[in-house]
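Me: I have a structure open and some quick questions. Can we go through it together?
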Amino acid sequence: MRVGVILAHPNPDSFAHELARRAVAGLTGAGHDVELVDLSAIGFRAAMSPEERTAYHGDQPVLDAQVQTQIDLVRSAEALVFVYPTWWSGLPAILKGWLERVMVPGVGFRFDERSGKIRPGLTNIRHLVGISTYGSPKWYVRAINDNGRRTLMRALRISCGVRASRRWLGFYAIDSASDDERREFAARVEREMSEL
């Protein structure tokens, strides 16, 4: 299975990077074809340009070769794995921008001309996985709706179709977690990705 692992953290020494490495290790160990995309390392621009916004509903919504490369990955993948820290109860700006610039009409969704309704554009995606760290405890994250999780596991899943499986791996209260707890969670990520 071809898997795209999308990493959104600017610091290569971060725990998110370690989790991405462990996810890739589990996936490749299980024989999957994995492409890791470190959004900060490739200099992915989060903000949609005025020209991109104008082109969004046109015949050619993609104006950036880097965005096209991401679209090619998404279209060839059967699974997408997102690794990121939850900041301000949501996705980091670079990951939100990736969604906005990559999931354009014709990619993330399509318009059914006959009915006028929006239809899934990512029916090739069979698995969605989110791996995130949180500064807050789980009860607090739930109380404020866990917006990043909702974006990926609900909104993006609709673009994949109802048959796409979802898996969420959250590490809560990271600021007070011990080294042993971090190691245990990283091992869990690798184990669960080896079973995908």
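Me: What kind of contact do the side chains of E18 and R21 make?
Reply: They meet in a salt bridge, at 3.2 Å from N to O. Keep in mind that this model is predicted.

Me: Where do those two sit in the chain, and how far apart?
Reply: Both are in helix 1, residues 15-29. They are three residues apart, so about one helical turn separates them.

Me: Which residues are in a salt-bridge network with them?
Reply: R22 and E190. Together with E18 and R21 they form a linked network.

Me: Why does E18 count as partly exposed?
Reply: Because its relative accessibility is 25%, and partly exposed lies between under 20% for buried and over 50% for exposed. R21 counts as partly exposed too, at 44%.

Me: OK, E52 and R101. What distance is given for their salt bridge?
Reply: 2.8 Å, N to O. This pair links distant parts of the chain, 49 residues apart. E52 is in helix 2 and R101 is in helix 4.

Me: Are E52 and R101 buried or exposed?
Reply: Both are buried.

Me: How many salt bridges does the count come to?
Reply: 15. One of them joins E100 and K96, with the closest N and O atoms 2.4 Å apart.

Me: New topic. How much space lies in the largest pocket?
Reply: About 190 Å³. Its lining includes R142, D146, W168 and Y172.

Me: Which element gives the largest share of that lining?
Reply: Helix 6, with four residues. Strand 7 also gives two or more.

Me: How do the lining residues divide by type?
Reply: Seven are charged, three nonpolar and one polar.

Note on methods: Residues numbered from 1 in each chain as written. Predicted model: local features only at pLDDT ≥ 70, side-chain atom pairs only at ≥ 80, totals over all residues. Heavy atoms only, no water. 1 Å grid on protein atoms, 1.4 Å probe; cavity = no way out; pocket = protein on both sides within 12 Å on 5 of 7 lines; lining within 4 Å. Points joined across faces, edges and corners; volume = space filled by probe spheres on them. Nonpolar A, V, L, I, M, F, W, Y, C, P; charged D, E, K, R; others polar. Salt bridge = Lys/Arg side-chain N within 4 Å of Asp/Glu carboxyl O. Buried < 20%, exposed > 50% of the residue type's maximum accessible area, 1.4 Å probe, protein only.
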